[in-house]
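Here is a short note for a colleague who has not looked at this structure before. Please read it with the sequence and the coordinates open.

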2 protein chains.
Amino acid sequence: MPVILGIDPGSVRTGYGVIETLAGGRSRYIASGFIRVEGQTLAERLNHVFNGVTQLIDMYHPQEAAIEQVFMARNADSALKLGQARGAAMVALAQKAIPVSEYATKKAKQAVVGSGRADKAQVQAMIQALFKLERTPQADAADALAIALCHAHTLSSLVRMGRVSRGTARGRWREGDLK
Amino acid sequence: MPVILGIDPGSVRTGYGVIETLAGGRSRYIASGFIRVEGQTLAERLNHVFNGVTQLIDMYHPQEAAIEQVFMARNADSALKLGQARGAAMVALAQKAIPVSEYATKKAKQAVVGSGRADKAQVQAMIQALFKLERTPQADAADALAIALCHAHTLSSLVRMGRVSRGTARGRWREGDLK
C-alpha cells in the first residue's frame, strides 16, 4: 500500500510525517520529525529544506506526498517566508516526481480530531493515540502526520468509491495556483 | 571576470539577465529573457522555475547570482505565491553552490537609472541604452539585468576598495533571514 510523506512547511522548522496506508482504511506509522531550517543565508536555509525533503524521499520512498495548504497567512512578510520554505519543499518533491496533494490545516485537523478548530495539543494527543506512539510527537511532526493521514483518508475513500484504479491517484487534488 | 546571473522572480514570469563584468567597472550583456511559469499544478510550476534556473546555470556558468529582495509585498496571498517562486529559484542556485546576493528593487533601479523611483519603461530604456541592445528588453528581463548590474557595481566598488581579493565575494551581502 502507498507510503505517504506529509509535510508541514515552516520557515523555522519544517515538520514531516511518514505513514503507510493499510487495507481497510487503516494506516501505519513509519517516521516523523522536523527539519530544523539552518543556514547562514536564506539560500542556505532553503537549500537545507530542499536537501532534507530529498533525504526523506530517498529514505522512505513515498509514492504520494501531502502538504499543508495556506489560505490565510498572518501578514505579507510571514507569507513570503513561508512561501519560500514551501517552494523549496515542493520543488524537492517535484524533482523526484512525487505527486503532491494539498490540504487545508482545518481539513487535516478534522481528519484526525474530528474538529477543524482543534488546537495543537489536541492534534498531538490524537496522533499519539491513533498511531499508539510511546511519546507525544513534536507539534510540527504531529501536524505533518495529520496531513499525511488526511491524504490517506482521501485515497481510501476514493478507492472505496471505485474512482482510483491500481492504487494511484496522480494528477488529482493538486490544487493551488501559482498565477 | 565574473559572469553574473540576475533573477527577478515572479509567480507568472521569472525574468533573468546574464552579464559579464569587465575591467574598469564596465559590464557586457550576454543574455536575458524570462521563464514562463507553466504547469498544471503548483508543484509543476515551481519545478519549471527550478529547472529553468538550473538550465541557465548550465548554459552560462555564472559565478555569482543576484536576486530581487522583497521588502513589502502587496498582500499575504501574493507574498506567498512570490515566496514560492523565489524559493524555487534560490534552491536551484544553492544546489549549484552559486552565491546569491539580494538587492532591493529600489537599489537596482538606482544603479541603472539613477533614481529608485524609476518606472518599468525607464528601466527598460536605460538597460537597452547601457548595453546597446537592438531591441527593448521585456520588462522582467530588464529588471533582472538591472539586478545583475547592481551586483556588478557592488563587486567593482568592493574591488576598488580592496575588500575583495581574487575576484570573489562569497559570503557577503547575502542578506535576508528565513526566521
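1. Basis. This is a predicted model in which local features need pLDDT of at least 70 and side-chain atom pairs count only at pLDDT 80 or more, while totals for chains, interfaces and linings use all residues. Residues are numbered from 1 along each chain as its sequence is written, chains are lettered from A and ligands numbered from 1 in the order in which they are written, and side-chain values use heavy atoms, leaving out hydrogens and water.

2. Sheet order. Chain B holds an open sheet of five strands, ordered β3-β2-β1-β4-β5, with mixed pairing. Strands (E, at least two residues) and helices (H or I, at least four residues) are DSSP runs, numbered from the N terminus; two strands pair if DSSP finds at least two bridges between them. The edge strands are β3 (27-36) and β5, each pairing on one side only.

3. Strand pairs. Strand β2 (residues 13-21) of chain B runs antiparallel to β3(B), joined by nine bridges; in this pair, Arg13(B) stands opposite Arg36(B). Strand β1 (residues 3-8) of chain B is parallel to β4(B), with four bridges, and Ile7(B) has Ile67(B) as its bridge partner. Five bridges link β4(B) to the parallel strand β5 (residues 100-104) of chain B, where Ala65(B) is partnered by Val100(B).

4. Strand β4. In β4 (residues 64-69) of chain B, six of six residues are buried, that is, under 20% relative accessible area (1.4 Å probe, protein chains only).

5. Helix α1. His61(B) follows α1(B) and has a positive phi, near 45 degrees.

6. Helix pair. The axes of α1 (residues 42-60) and α2 (residues 76-95) of chain B come within 8 Å and cross at roughly 35 degrees. Axes are lines fitted to C-alpha atoms, for helices over the stretch in contact, and angles run from 0 to 180 degrees between N-to-C directions.

Key. Buried < 20%, exposed > 50% of the residue type's maximum accessible area, 1.4 Å probe, protein only.
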